[in-house]
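Trainee: Please take me closely through one part of this structure, its open space, and then connect that part to the side-chain contacts elsewhere in the chain.

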Amino acid sequence: MNTKFTFTDEEFIFVINLILKLDAPLGEEYIPIQSLEDRVDMGRLDSLGMIVLFVWLSHLFGISEDQFQTCIRQGNLTIQRIKEFVIANCTKNCTLDDVKEYAERCI
């Protein structure tokens with residue numbers, strides 16, 4: 001099994017935006033993440049949104065939810081920091097097509 005993380009910065013931002021947009025409340029405009037320096041914390045997401053984001057990432061990259069809880073507790077949740085955490089802890093990899101397919105099945 002290939003566990004090497006292969007997403008570019010742009011692809012990873014796309015994945016984050018896909019997850020967050022799917023979780024956005026109906027009728028509210030979703031403002032996309034633009035850079036790795038953007039933050040995903042309680043200022044952008046509510047507690048359910050945070051859970052949804054990390055459950056998706058957990059499933060896609062084979063990282064336990066306990067490991068993500070450790071990451072969340074450390075704070076400073078920029079996209080760059082989350083990407084570095086995923087790179088360091090992923091136990092499985094997926095492709096952008098896998099992410100899109102998973103998103104379609106989850107709707």
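Mentor: The largest pocket holds about 310 Å³ of space. A pocket here is an open set of points on a 1 Å grid over the protein atoms alone, where a 1.4 Å probe fits, with protein on both sides within 12 Å along at least five of seven lines. Points are joined across faces, edges and corners, and the volume is the space filled by probe spheres set on them. The model is predicted: local features need pLDDT of at least 70 and side-chain atom pairs pLDDT 80 or more, whereas totals for chains, interfaces and linings use all residues. Residues are numbered from 1 along each chain as its sequence is written, and side-chain values use heavy atoms, without hydrogens or water.

The lining comprises 13 residues, and Ala24, Pro25, Glu28, Arg44 and Leu45 are the closest to the pocket centre; a lining residue has an atom within 4 Å of a point. By class, seven of the lining residues are nonpolar, one is polar and five are charged. Ala, Val, Leu, Ile, Met, Phe, Trp, Tyr, Cys and Pro count as nonpolar, Asp, Glu, Lys and Arg as charged, and the others, Gly among them, as polar. Helix 1 and helix 2 each contribute at least two residues to this lining; helices are DSSP runs (H or I, at least four residues) numbered from the N terminus.

Helix 2 also takes part in an aromatic contact. Phenylalanine 5 and phenylalanine 61 have ring centres 5.5 Å apart and planes at 45°, so the pair is tilted. Rings of Phe, Tyr and Trp (its six-membered ring) pair with centres within 6.5 Å, and planes under 30 degrees apart are stacked, over 60 edge-to-face, the rest tilted. Phenylalanine 5 precedes helix 1 (9-23) while phenylalanine 61 belongs to helix 2 (residues 47-61), so their pairing ties together parts 56 residues apart in sequence. Both phenylalanine 5 and phenylalanine 61 are buried, where buried means under 20% relative accessible area, exposed over 50% and partly exposed in between (1.4 Å probe, protein chains only). Phe5, Phe7, Phe12 and Phe61 make up one aromatic cluster.

Aspartate 9 is partly exposed at 32% relative accessible area, whereas lysine 83, at 8%, is buried.
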